[in-house]
Amino acid sequence: MPIFVPRSILSFQQIVKGKAHMDFLNVSGIIKSEKDKTILHGVDFQVDELEKVAIVGASGAGKSTLLKIVAGLSQADEGAVFYDGSRVKGVDEKLMPGHPGIAYLSQHFELWNNYRVEDVLSYGNKLPEDAAMQLYRICRIDHLLKRYTSQLSGGERQRIAMARLLNGAPGLFILDEPYSNLDLIHKEILKAVIRDLSEQLQITCLLTSHDPMDTLPWADRILVMQQGKIVQSGTPHEIYAQPLSEYTAALFGPYNLINEQDAAVLMPSGKPGKHLLLRPHQMRIVAGGNQALPGTVQRINYHGNCYIVEVLTASKEVFYIQVANMNVQKGSQVHIAINGQETWYI
Ligand SMILES: Nc1ncnc2c1ncn2[C@@H]1O[C@H](COP(=O)(O)OP(=O)(O)OP(=O)(O)O)[C@@H](O)[C@H]1O
């Protein structure tokens, strides 16, 4: 059992038996405009207790605007946010912005300068000492408590800002682009911290990130935002392998959207009138055959654990093919075919 008791928390056994709250967070009909421009066009979504939800969308899609409204740090023009059954009031309805049950870590978080870390953390702390120490260990900051805030790296500052929010004992933790300014080493530390927060402290997490590698392995569910609307919601596999639009496909990495003529060769039993969508790992380079397209290798890109080969076919389309070993060269004449059975059309 965790020592940390953020709220009227369910026991682990209750959670296993499926008694965690459904619709722990309920967001409905959120509309928001700024200077005559509508940024959010009626956003609806729900998050269950202990669910890990990622919001993904192109820059300017409205993710930060939405998250601030969910946290009670901005005012919606229309719609409502309910957290654990009670309405989250907007900034115009409260003297002190925010909601005590919701912690929001901004992309532009602030930390007081020239204070000892332990003093920064003691302000607003609602946890008993052992629970606070457990939180600081999970945040990987227990060795930094005696330092001054001016003596910290960017990643350490961010984890202290997180701990400071979490020792207010929230039930929902919202993180807006937490990984955006971190090198890979600090990003991995922060990923482990966020994983441990939800697993050991049983906090429900909602985060945004631009990088599919931040969200696909982590999230239980991904919400895709486009121009102020949620256009798709699904498991990471559904969003990656079965995107409803080219916009969603593009957010999660390279893909091949194949014209009808080429698709008829690659997959004769396919769906006419629709575009076949294949990720680079769903294609391969072959010696030839009826269900293969001839082409010329234009470029080979090294990705560490694989290569992505760009092949130009007779239809003047460039295909991206993932290969494990580089056994072709720029200018090689090759054939490309579908790898495996899984196909998807949009
Ligand atoms: N206070 C404001 N006044 C005017 N326009 C705004 C304001 N805040 C946001 N916008 C506009 O609303 C749109 C959505 O912004 P928002 O920051 O919510 O997007 P985002 O998806 O979080 O983008 P990013 O991933 O780049 O942070 C953008 O076009 C932005 O310029």
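Across which strands does helix H2 (residues 63-70) lie, and at about what angle does H2 run to E1? In this predicted model, helix H2 lies across E1, E2 and strand E4 (78-83), and its direction makes about 125° with E1.

**The sheet**

The strands belong to an open sheet of four, ordered E2-E1-E4-E5, with antiparallel pairing. Strand E2 (37-47) and strand E5 (86-87) stand at the edges with a single partner strand each, so one side of each has no neighbour in the sheet. Strands of a sheet pair through backbone hydrogen bonds, either parallel or antiparallel. Between strand E1 (residues 25-34) and E2, the antiparallel pairing extends over eight bridges. Within this pairing, Glu34 has Lys37 of E2 as its bridge partner.

**The ligand shell**

Glu34 also belongs to the surroundings of the ligand, together with Lys35, Ile39, Gly57, Ser59, Gly60, Ala61, Gly62, Lys63, Ser64 and Thr65. Helix H2 supplies the largest share of this shell, three residues. The composition of the shell is as follows.

| Class of shell residue | Number |
|---|---|
| Nonpolar | two residues |
| Polar | six residues |

**The domains**

The protein chain is divided into domain 1 (12-250) and domain 2 (256-345). The centres of the two domains, taken over C-alpha atoms, are separated by 38 Å. Four residues from domain 1 and four residues from domain 2 make up the contact. On the side of domain 1 that touches domain 2, two residues are nonpolar, one is polar and one is charged.

Technical notes:
Residues are numbered from 1 along each chain as its sequence is written. This is a predicted model: local features need pLDDT of at least 70, side-chain atom pairs count only at pLDDT 80 or more; totals for chains, interfaces and linings use all residues. Domain bounds come from an automatic or database domain assignment. Two residues are in contact if their C-beta atoms, placed from the backbone, lie within 7 Å. Ala, Val, Leu, Ile, Met, Phe, Trp, Tyr, Cys and Pro count as nonpolar, Asp, Glu, Lys and Arg as charged, and the others, Gly among them, as polar. Two strands pair if DSSP finds at least two bridges between them. Helices (H or I, at least four residues) and strands (E, at least two) are DSSP runs, numbered from the N terminus. Axes are lines fitted to C-alpha atoms, for helices over the stretch in contact, and angles run from 0 to 180 degrees between N-to-C directions. A residue is near a molecule or strand if its C-beta atom, placed from the backbone, lies within 6 Å of it.
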